[in-house]
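Morning, everyone. Please look at the model on the screen while I talk.

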Amino acid sequence: PRLGRRGTVARQVFGVIVTFFFFVILNNWFGIFPGMGSIGFMEVHEGKEIWVPWLRSANSDLNMTLAIAIVSVVFIQAISIRTVGLKHYLQKFFNFKSPILFFVGLLEIISEIVKIFSFSFRLFGNIFAGDVLLIVMFGLVPFIAPIPFMGIEMFAGFIQALIFSMLTLVFIKVSVSHGEAH
């Protein structure tokens, strides 16, 4: 599909997709730096001592992954509306031609909300688990043993950034293609 004078959808979304990729990968790799997650203080919370790190990877916090997931889903919706038009876009959710199409529209609304949680928990869970693994490895054997795990975490950070940006791109394609069918 074309967007008029501004070019194709690919030209419109390329910059944002690349920005998502580099933002996620740099935040993932930031957690590998020495001292990230392992330097902090003990705090008493509800009668229990808990470890509170001074610095940690931004993507090991659910708030950050939830925020970037919301931005991604809003961007998907905006590109869809811009490409297929508001009328065709809303027909995806509100179709009163038959009870089955109405039910499918409700499922589409639910799927758009679930995308936010899918994006955020996938990224958060993988990065947080990797950060915990590195902290445990540095606590058990602080010198040589953590090095392979750091390489694994660099690779996992790359894969997670790739998955996040590619899923955004795939959801845009699906949403724009839905409008072409009408």
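First, the ground rules. This is a predicted model: local features need pLDDT of at least 70, side-chain atom pairs count only at pLDDT 80 or more, and totals for chains, interfaces and linings use all residues. Residues are numbered from 1 along each chain as its sequence is written, and side-chain values use heavy atoms, with hydrogens and water left out.

Start with helix 1, residues 9-30. Helices here are DSSP runs of H or I, at least four residues, and they are numbered from the N terminus. How far apart are the end C-alpha atoms of helix 1? They are 32 Å apart, which agrees with the 32 Å that its 22 residues should span at 1.5 Å a residue. That expected span is 1.5 Å times one less than the number of residues. Helix 1 also has a kink of about 30°, centred on glycine 15. The bend is the angle between axes fitted to the seven residues ending at a residue and the seven starting there.

Now look inside. Buried means under 20% relative accessible area, exposed means over 50%, and partly exposed is in between, with a 1.4 Å probe and protein chains only. The buried residues of helix 1 include Val9, Val13, Phe20, Val24 and Asn28.

The largest nonpolar core has 21 residues. Among those with the most contacts inside it are Val9, Val13, Val24 and Phe119. Helix 1, helix 2, helix 4 and helix 5 each give two or more residues to this core. The largest share, seven residues, comes from helix 1. A core is a set of buried Ala, Val, Leu, Ile, Met, Phe, Trp, Tyr and Cys residues joined through side-chain atoms within 4.5 Å.

Next, charges. How many salt bridges does the structure hold? Three. Each is a side-chain nitrogen of Lys or Arg within 4 Å of a carboxyl oxygen of Asp or Glu. Lysine 92 meets glutamate 112 at 3.4 Å, N to O. Lysine 92 lies in the loop between helix 3 and helix 4 and glutamate 112 in helix 4, so the pair ties together parts 20 residues apart in sequence. Lysine 115 meets glutamate 112 at 3.0 Å, N to O. Lys92, Glu112 and Lys115 are linked in a network.

A nonpolar surface patch of about 1,000 Å² includes Leu86, Phe103 and Ile110. Areas come from the Shrake-Rupley method with a 1.4 Å probe, and for residues only the protein chains shown count as cover. Patch residues have over 30% relative accessible area and no salt bridge; like charges are joined within 9 Å, nonpolar side chains (Val, Leu, Ile, Met, Phe, Trp, Tyr) within 5 Å. Helix 4 supplies the largest share of the patch, six residues.
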